[in-house]
Amino acid sequence: MTLSTPTIEPRYFRDVIGHLPTGVTVVAGREPATGAPAGLVVGTFQSLSLDPPLVTFSVATSSSSWPKIRSGHFSASVLADGQHDVCRAMSSKQVDKFAQLDWSESAEGCPQINGAHAWIDCKAVHELEGGDHVIVVAEVLRLEAGHGQPLIFHRGQLGTYHQPQS
Ligand SMILES: Cc1cc2nc3c(=O)[nH]c(=O)nc-3n(C[C@H](O)[C@H](O)[C@H](O)COP(=O)(O)O)c2cc1C
């Protein structure tokens, strides 16, 4: 990708882009060789297409977890309010991120976070270059709404969105 990049300090870019609130989603699967669970937190998970049903998110090229699960199915758990500890564990560099977490298995055997706000079972179909990230495009196999309110990431902080009472 050839870009005429203006000089924008990465820190300033982060500060301003951080004004855009995002959801907090755990993308998790299993290492094909060992069956060990692996995954990471992404704030970039979003819908891409209705027909066919596709989602997208971006992963840093430095991610150690995505290469472990990219070839198989994965499950995306949209975290709910109160799941700050899950976010901390899954965005860490711990060896076993799942050790202290409450999770179960999707139909394909991928780790799903219990008590999440929604679950989306997927299979990656494309990876596109995106600077220091890759843009993952994945097809949706099945999905289910969960509980509570979503966990939100805004300006470097985790918070909650409360739906107005109707
Ligand atoms: C709220 C939040 C959103 C994040 N969004 C992304 C993202 O969209 N893409 C990404 O690659 N990393 C994102 N991260 C960082 C990864 O979760 C973190 O770097 C993780 O430790 C990567 O671990 P790995 O080396 O095990 O893949 C986010 C972290 C947090 C806390």
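The model is predicted: local features need pLDDT of at least 70, side-chain atom pairs count only at pLDDT 80 or more, and totals for chains, interfaces and linings use all residues. Residues are numbered from 1 along each chain as its sequence is written, and side-chain values use heavy atoms, with hydrogens and water left out.

**Whole chain.** Along the principal axes, the C-alpha atoms fill a box of roughly 45 × 45 × 40 Å.

**Contacts and charges.** Of contacts (heavy atoms within 4.5 Å) between residues at least 6 apart in sequence, 63% join residues at least 24 apart. Next, select the charged side chains: 11 are positive and 16 negative, and the centres of the two sets lie 6 Å apart. Lys and Arg count as positive, Asp and Glu as negative.

**Residue T25.** Now select strand β2, residues 25-30, where T25 is found. T25 counts as buried because its relative accessibility is 4%, buried meaning under 20% relative accessible area with a 1.4 Å probe, protein chains only. Finally, show the residues that T25 touches, leaving aside those up to four places away in sequence: L40, V41, V42, F45, A76, S77 and V78. Across the chain, 36% of the 166 residues count as buried.

Definitions and conventions:
Buried < 20%, exposed > 50% of the residue type's maximum accessible area, 1.4 Å probe, protein only. Charge placed at Lys NZ, Arg CZ, Asp CG, Glu CD. Helix = DSSP H or I, 4+ residues; strand = E, 2+ residues; numbered from the N terminus.
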